[in-house]
Amino acid sequence: MSAKDTGHVNGAFNGTEVSLDIPTNTLYHTSRDCIVQQEEEPIKSRSWTDSCRRACDNIFRMKTLQKRFPIFVWLPQYKKDYIFGDIVAGISVALTVIPQALAYAGIAGLDLQYGLYACFLGCFIYIFIGSSKDVPIGPTAISALLSFQIAGGSWQMATLLTFLTGLIEILMGIFRLGFLIDFVSGPVGAGFTSAVSLIIFSSQMKDLLGIHTSGNTFLQVWISIINDIHNISWPDFVLGLICIVLLLSLRALASCSVGPKQGKSTCQTLLTGIFWTVGTARNALLVCGTAGLGYWLSVSGNEELVRTVGFVPKGLPEFRPPPFHMDAVYNETTGELVSDAQSFWDMVSTLGSGLIVVPLIALLETMAVVQAFADGKPTDATQELIASGICNVANSFVQGLRSNGGVARGAILNASGVRTQLSNLYTGVIVIIALLYLTPCFYYIPKAALAAIIIAAVVFMVQYRVIKPMWHSKKTDLIPGLGAFFACLVLPLQLGILVGIGINVIFILYQAARPKLRIETLSTPEGERYLMLTPDRCLIFPSMEFVRKVINKQGVKSTLPVVIDCSHIYGADFTAAKVISMMVMDFAQRQQPLFFYNLQSRVAQVFEGLNKDLVAIYDISTLHAKLAEKTPT
């Protein structure tokens, strides 16, 4: 038995048009991993030393090293012409990721610097082990919201979440568990993404309106918004609306093209490039402009007019292991206990199911980027799991927020003409420069401006366009999609998506338990009539009683010889063999012939293990001859 890992192309976050801001190609398909069964010669018993030597030879051969360290593939082929494309792409992503990281840290309930801490070390590591040139490592809106709901706004919990989920991703990659994303179907992914966008939109109302909100779920947040809406800050609200309009306008400007598609003049090409550059860098331009406004209000004595983000620590974070315990926190003034001390296992218990859900969603997001820009080339989900895991483990040592590939920034990389993974180097360097020299300027950024950046991005994540094709294709697919959508709105996200997956699994189990049987009354050339029953899938324990009842019912009803066409039965288990044995005895007691046509040899071995009396026939002439005998076998 040998296994070939060709990667997973899945798209549970699928939009209907390519954009620089929204997840595209996000409805996931099935796994491409396959298991090929081959006839192998008997292998002589090997010593433990020989087995270890063979394993080491396999690990350290060049093909394996190139697969696990893709830099050995693209670096020898690197050309001078690639430098400009990588620099432009790296700078473009940096101008996007810096304001986004500040905003996503707010979504996660953390101080803004933790978002920037996640944007440089992982970028450097991905250069060596990343398999796709279009994957930019950094925080995303979905990962930030999951971190908030799971870690509760504690930087210690968020950092430990980054570390542990990174380890889990590495283990998933080693054991090739990337196929788990196939259990998140397109409808479930669309429902989850749509719910996330609404929750993130709701979470930004506090900064857009200048009010206080609380709660983790969609309903809880909106209840707190309604209760405090009378305290709205009109300057913040007006500034936020203006920023949203500007961002949406600049987003549209990025796709504007001056002149014909082919044969543009120099001036037309220049204008098109300016429009694209301004539209792509809109977040950075907005942050710079509103920070200038905040500074002007501060020096003019009107700093209380709009709320700003405040102090952001200058410099790089300290390199240290993630916190494996939390000390008790007391109020410095009153001495009251604010939060209890927690051991490592207490912290792990708090993170709970998030340790499984976060890596799964991260893989979905990353593979959405890889799939969208693969250009028909094979993808490797196993390597992306390992790469993402190592990057997050490293990020946890610099107190970074949970990170993975983001479709919006991946689209910017691709549109910027990225050539290799080296673009991540320039992105990471610019983020480091921002941490070293630009953080004093962040003090004056209005909170409403960061809220506008998030809102202008997540409004396009609502997957309403998939409803119509889903309705025309298969209406029942709406059930798991809507189930995941409403569950994520009412429950914490990690539980909501599990509800959607659970509904999907129930559908799969029901289909496995109720196979379709085609029933035909046929005749031989001699005119002998018989009943042909054709199951459409393999026979496993949930379906056997149903199959037995249908076959017995049809046999008693017609009294004709019964032939079971086993062409589509490619597998069976012990329960199936037991039920088939009972069915053979049922027909023998009624003295009614029962034949198994085109029964595969491995399935026949399972059936004959409990009953040697079943008759398997493999050609139509033999079947007709048996039917002509008119005697039970």
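Colleague: Where is R176 found?
Modeller: R176 is in the loop between α8 (155–174) and α9 (186–203). Keep in mind that this is a predicted model.

Colleague: Is R176 buried, partly exposed or exposed?
Modeller: R176 has a relative accessible area of 33%, so it counts as partly exposed.

Colleague: What about Q399, where does that one sit and what's its phi?
Modeller: Q399 is in the loop between α17 and β6. Phi there is near 60°, again positive in a residue other than glycine.

Colleague: And is Q399 buried or exposed?
Modeller: Buried, because its relative accessible area is 6% and the cut-off for buried is under 20%.

Colleague: Switching to aromatics. How many aromatic pairs are in the whole structure?
Modeller: A search of the whole structure turns up 16 aromatic pairs. Take F319 and F397: their ring centres are 5.5 Å apart and the planes are at 25°, so that pair is stacked.

Colleague: Which parts of the chain does that pair link?
Modeller: Distant ones, 78 residues apart. F319 is in the loop between α14 (282–299) and β4 (329–330), while F397 is in the loop between α17 (381–396) and β6 (404–405).

Colleague: How do F319 and F397 count for accessibility?
Modeller: F319 is at 60% relative accessibility, so it counts as exposed. F397 is at 22%, so it counts as partly exposed.

Colleague: Which arginines sit over rings?
Modeller: R251 lies over the face of F460, 3.7 Å from the ring centre. The charged end of R590 sits over the ring of F587, at 4.4 Å from its centre.

Colleague: New topic: which residues make up the nonpolar patch on the surface?
Modeller: L219, I223, V490, L491, L495, L498 and V499, with about 550 Å² of accessible area together.

Colleague: Which helix gives the largest share?
Modeller: α23, with 3 residues. Both α11 (218–228) and α23 (493–513) supply at least two residues each. L219 is in α11, and L219 is partly exposed, with a relative accessible area of 45%.

Colleague: Last one: what are the domains, and how far apart are their centres?
Modeller: The domain assignment gives domain 1 (81–322 + 343–477) and domain 2 (516–629). The C-alpha centres of domain 1 and domain 2 lie 57 Å apart.

Definitions and conventions:
Residues are numbered from 1 along each chain as its sequence is written. This is a predicted model: local features need pLDDT of at least 70, side-chain atom pairs count only at pLDDT 80 or more; totals for chains, interfaces and linings use all residues. Side-chain values use heavy atoms; hydrogens and water are left out. Rings of Phe, Tyr and Trp (its six-membered ring) pair if their centres lie within 6.5 Å; planes under 30 degrees apart count as stacked, over 60 as edge-to-face and the rest as tilted. Helices (H or I, at least four residues) and strands (E, at least two) are DSSP runs, numbered from the N terminus. Buried means under 20% relative accessible area, exposed over 50%, partly exposed in between (1.4 Å probe, protein chains only). A charge sits over a ring if NZ of Lys or CZ of Arg is within 6 Å of the ring centre and within 35 degrees of the ring normal. Domain bounds come from an automatic or database domain assignment. Patches are made of residues with over 30% relative accessible area and no salt bridge: like charges are joined within 9 Å, nonpolar side chains (Val, Leu, Ile, Met, Phe, Trp, Tyr) within 5 Å. Accessible areas come from the Shrake-Rupley method with a 1.4 Å probe; for residues, only the protein chains shown count as cover. A salt bridge is a side-chain nitrogen of Lys or Arg within 4 Å of a carboxyl oxygen of Asp or Glu.
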